[in-house]
Amino acid sequence: MDYGDYIEQLTYLLFLKMAEERGAAVPKGLDWASLKDKSGTALTDHYAGILRRLREAGGLLADIFAQATPRFNNPVNLKRVIAMIDEEDWSAMDVDVKGAAFEGLLEKAASEGKKDAGQYFTPRPLIQSICRVMKPDPRGRPEFTICDPACGTGGFLVGAYEWLVAESQGVFDRADARRIKSKTYFGQDLVPRPRRLALMNLFLHGVEPHIHLGDTIYEPDRGERYDVVLTNPPFGTKGANQAPDRDDFTVETSNKLDITWLKDESVEDSDELPEPQDLAREAITELEAVVDDLREIVTLIEKEEGVEK
C-alpha cells in the first residue's frame with residue numbers, strides 16, 4: 001500500500017463514520033454501522049462490497065467513490081483501524097479532519113523523498129474571516145452562484161455554506177432551499193484526490209456541489225460566470241513547466257505568499273478583523289490536534305499493513 005492508497009483508505013472510512021455522525025444519507029447495509037459488527041474475511045469482503053456498490057450507486061455518492069478499491073489485505077488491521085476511528089466524534093472537531101489527514105500524509109511522503117506535497121486546503125479561521133467579509137448570501141437571488149476555481153478539499157465552499165447556515169439559523173424559504181443546496185456551489189481542482197475530499201465534505205453538509213476535475217488555468221473558458229469567487233489560488237502563472245497562453249494574465253507573480261495580505265485596512269470594520277499571525281497560530285493548533293489523533297492509525301498501518309517506501 002503506497003501513500004496515495006493509504007490516504008484514500010483512511011478518507012473512505014472517515015467519510016462513512018462522519019456520515020453516520022451527521023445523519024447523512026448512505027444506503028443501509030453500506031454504512032458505518034454495517035462495518036462494525038463484522039470481522040475476519042467477512043469484514044474485508046463486506047468493505048470491498050461497500051466500495052463497489054457505492055461506486056455504482058449513482059449521483060454524488062458514485063462520484064465520490066469513483067474508482068474506489070479496497071487496499072486492506074489483513075482483516076485484523078482493518079478491524080483495528082475501524083475500532084480506532086469509531087472511538088472519536090470526528091464531526092465535533094472544528095477542522096476538516098479528512099483534509100488534515102490528507103495534507104499531513106502528503107507532507108510525510110514529501111519529507112521521505114516522494115513528491116511535492118502541495119497545499120490542498122486553507123486554514124479554517126482564514127476561510128471563516130473571508131466569508132464574514134464577503135457575505136456569500138444566495139437567499140432570494142435565483143441565479144446566485146459561488147465558485148472556488150482552485151477548490152482543493154472544498155474548504156471555501158463548505159465555509160460559505162456554514163456562514164449561510166449561521167446567518168439564517170438553518171432556516172430557508174421553501175423556494176430557496178432546494179436551489180441553494182443543488183445549484184449554488186461550484187468548484188474545480190486539478191487533482192482527483194482533493195476533489196474527492198471536496199465532494200465528501202459538501203455531501204456531509206447536505207450540499208450537492210458541481211466540482212469539475214481539470215486545470216482552471218489551462219482549460220478554455222467554459223463561459224461560466226459567478227456572483228462570488230472565494231479561493232486561495234496557486235501563486236504563480238506556471239503549470240506544466242510553461243506559462244499558459246492567455247491574454248488575461250497580465251501580471252507575473254512568484255510562488256511566495258505573505259500572510260499580511262489578510263489584514264486589509266481599507267475594509268469596513270477592519271479593526272475587528274483578527275491579526276494574521278493569530279489566524280495562523282489558531283489554524284496550526286487545530287491541525288496539530290487532529291494529526292495527533294490520527295498518528296496511531298498511521299503507525300498501525302505502516303507497521304502491520306506495510307507502506308511502500
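## Close-up views of a predicted model

**View 1. F65 and the residues around it.** Leaving aside neighbours within four places in sequence, F65 is in contact with Y12, F15, L51, L54, R55 and R196. Keep in mind that this view, like the others here, shows a predicted model.

View 2. As a general rule, nonpolar side chains in soluble globular proteins tend to be buried together.

**View 3. Where helix α3 meets helix α5.** Helix α3 covers residues 40–55 and helix α5 covers residues 75–86, and the two pack at an angle of about 70° with their axes 8 Å apart. Angles of 65 to 115 degrees count as roughly perpendicular, so α3 is roughly perpendicular to α5. On the α3 side, the contact is made by G40, T41, L43, T44 and Y47. On the α5 side, the contact is made by P75, L78, K79 and I82. What kinds of residues are these? The contact of α3 with α5 divides into five nonpolar, three polar and one charged.

**View 4. N77, a residue of helix α5.** N77 is found in helix α5. Is N77 buried or exposed? Its relative accessibility is 1%, and buried means under 20%, so N77 counts as buried. Look also for G40, one of the α3 residues from the previous view. N77 and G40 are 37 residues apart along the chain, and their C-alpha atoms are separated by 9.9 Å.

**View 5. The four-stranded sheet.** Four strands form an open sheet with parallel pairing. What is the order of the strands in this sheet? Reading across, the order is β3-β2-β1-β4. The edge strands are β3 (210–213) and β4 (228–229), and each of these pairs on one side only. In general, the strands of a sheet pair through backbone hydrogen bonds, either parallel or antiparallel.

**View 6. Strand β2 and its partners.** Strand β2 spans residues 185–189 and is joined by three bridges to strand β1, residues 146–148, with the two running parallel. How many bridges link β2 and β3? These two strands pair in the parallel sense over four bridges. Within that pairing, F186 stands opposite H210 in β3.

**View 7. The two covered faces of β2.** Strand β2 is mostly covered, as five of its five residues are buried. Which residues lie on each side of β2? On one side are Y185, G187 and D189, and on the other are F186 and Q188. Both faces are covered, with these residues all buried. In a regular strand, the side chains alternate between the two faces of the sheet.

**View 8. T145, in the loop between α7 and β1.** T145 is found in the loop between α7 and β1. The relative accessible area of T145 is 11%, so T145 is buried. Which residues does T145 touch, not counting those up to four places away in sequence? T145 touches K183, T184, F186, R225, Y226, D227 and V228.

**View 9. Two residues with positive phi.** Most residues other than glycine have a negative phi. Q67, which is not a glycine, has a positive phi near 65°. Q67 is found in the loop between α4 and α5, and at 71% relative accessibility Q67 counts as exposed. K135 also has a positive phi, about 50°, although K135 is not a glycine. The place of K135 is in the loop between α7 and β1.

**View 10. Stepping back to the whole chain.** The secondary structure of the chain comes to 11 helices and four strands. What percentage of the 309 residues in the chain is buried? Buried residues make up 45% of them. Among contacts between residues at least 6 apart in sequence, 74% join residues at least 24 apart.

Notes:
Residues are numbered from 1 along each chain as its sequence is written. This is a predicted model: local features need pLDDT of at least 70, side-chain atom pairs count only at pLDDT 80 or more; totals for chains, interfaces and linings use all residues. Side-chain values use heavy atoms; hydrogens and water are left out. Two strands pair if DSSP finds at least two bridges between them. Axes are lines fitted to C-alpha atoms, for helices over the stretch in contact, and angles run from 0 to 180 degrees between N-to-C directions. Angles under 35 degrees count as roughly parallel, over 145 as roughly antiparallel, 65 to 115 as roughly perpendicular and the rest as oblique. Contact means heavy atoms within 4.5 Å. Ala, Val, Leu, Ile, Met, Phe, Trp, Tyr, Cys and Pro count as nonpolar, Asp, Glu, Lys and Arg as charged, and the others, Gly among them, as polar. Buried means under 20% relative accessible area, exposed over 50%, partly exposed in between (1.4 Å probe, protein chains only).
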